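Let's take a walk through a protein model together. Have the sequence and the 3D view ready, and follow along as we go.

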Amino acid sequence: MDPLVALVHRPKESFFVFPQADKVTVMYPMRFNDSIDTVLATSFLQEFVEARRTAGLNNTPPCSWSHTPPPELKEVSPDALSANAGFVSFVIFPRHVEGQKLDRTVWSLSTFHAYVSYHVKCSEGFMHTRMRRRVESLIQALDRAKPDPESSKKTSHNRSFQRLSVKDSRTHSFS
């Protein structure tokens, strides 16, 4: 039995399954074409791993993320390991696949890359919406700060302000 199995889920992209006697390790090299997606995915995956460590998710498979390939992938060609957003690994124990859990676990693992891509795109869209709203509010603030040329030249008696020269100011002074 070959201990490492590569499963192609998209052209030129695979994830790896490493079966052992008491567990199965599933490893994903995470690749993204856009540099913004790479940064968002890296941040998302780090938070994803941290969220798995909280008390409410004790029954979920252990998850890890790293910039470097896991040791189980040491014999895989470097082309297959070109990941710009790191590597995610899940360790599946028998309790994760017993009974009715098998279908859900397999489905979740086979669609994990799509799950991450979806959340990265949603995050990017959300940030773009927030940036657009912020720019609109700044433009409104700038519009409110512009002096109105008509109202600034009127006096309290609704007459236009007339600038006087030094000579004229002496003749019109009240002293």
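What follows is a tour of the sheet, the cores, a helix and the salt bridges.

A quick word on ground rules: this is a predicted model, so local features need pLDDT of at least 70, side-chain atom pairs count only at pLDDT 80 or more, and totals for chains, interfaces and linings use all residues. Residues are numbered from 1 along each chain as its sequence is written, and side-chain values use heavy atoms, with hydrogens and water left out.

**The sheet**

Let's start with the strands. Helices (H or I, at least four residues) and strands (E, at least two) are DSSP runs, numbered from the N terminus. Two strands pair if DSSP finds at least two bridges between them. In general, strands of a sheet pair through backbone hydrogen bonds, either parallel or antiparallel.

In what order do the 5 strands of the open sheet come? They go β1-β2-β3-β5-β4, with antiparallel pairing. β1 (5-10) and β4 sit at the edges with a single partner strand each, so one side of each has no neighbour in the sheet. On average, neighbouring strands here are turned by 20 degrees against each other, direction ignored. (For angles, axes are lines fitted to C-alpha atoms, for helices over the stretch in contact, and the values run from 0 to 180 degrees between N-to-C directions.)

| Strands | Bridges | Opposite residues |
|---|---|---|
| β1 and β2 | 5 bridges | Arg 10 and Glu 13 |
| β3 and β5 | 6 bridges | Pro 29 and Phe 87 |
| β4 and β5 | 4 bridges | Cys 63 and Phe 90 |

Now zoom in on β5, residues 87-92. Is it mostly covered or uncovered? It is mostly covered, as 6 of its 6 residues are buried. Buried means under 20% relative accessible area, exposed is over 50%, and partly exposed is in between (1.4 Å probe, protein chains only). Phe 87, Ser 89 and Val 91 point one way from β5, while Val 88, Phe 90 and Ile 92 point the other way.

Over in strand β2 you'll find Ser 14, which is buried too, at 15% relative accessible area. Leaving out residues up to four places away in sequence, Ser 14 touches Leu 7, Val 8, His 9, Pro 29 and Arg 31; a contact here is heavy atoms within 4.5 Å.

**The cores**

A nonpolar core is a set of buried Ala, Val, Leu, Ile, Met, Phe, Trp, Tyr and Cys residues joined through side-chain atoms within 4.5 Å. The largest nonpolar core has 21 residues, and Tyr 28, Met 30, Val 88, Phe 90 and Phe 112 touch the most other members. At least two residues of this core come from each of β2 (13-19), β3, α1 (35-52), β4, β5 and α3 (112-145). Which element gives the most to this core? That's α1, with 5 residues.

Look at Phe 90: not counting residues up to four places away in sequence, its contacts include Val 24, Tyr 28, Phe 48, Cys 63 and Phe 112. Apart from this core lies another one of 8 residues, among them Leu 4, Met 27, Val 76 and Leu 81.

**Helix α3**

The 34 residues of α3 should span 50 Å at 1.5 Å a residue, and its end C-alpha atoms are 50 Å apart, which agrees. (The expected span is 1.5 Å times one less than the number of residues.) The buried residues of α3 are Phe 112, His 113, Val 116, Ser 117, Val 120 and Glu 124. They pack against β1, β2, β3, α1, β5 and α2 (101-110).

**The salt bridges**

Side chains of opposite charge can pair when their charged atoms come close. A salt bridge means a side-chain nitrogen of Lys or Arg within 4 Å of a carboxyl oxygen of Asp or Glu. How many does the structure hold? There are 2.

One joins Lys 121 to Asp 37, at 2.7 Å from N to O. This pair links distant parts of the chain, with Lys 121 in helix α3 and Asp 37 in helix α1, 84 residues apart. Lys 121 is partly exposed at 47% relative accessibility, whereas Asp 37 is buried at 6%.

Lys 121 also bridges to Glu 124, with the closest N and O atoms 3.7 Å apart. Both of these lie in α3, 3 residues apart, about one turn of the helix. Glu 124 counts as buried, at 12% relative accessibility. Shared partners join Asp 37, Lys 121 and Glu 124 into one network of salt bridges.
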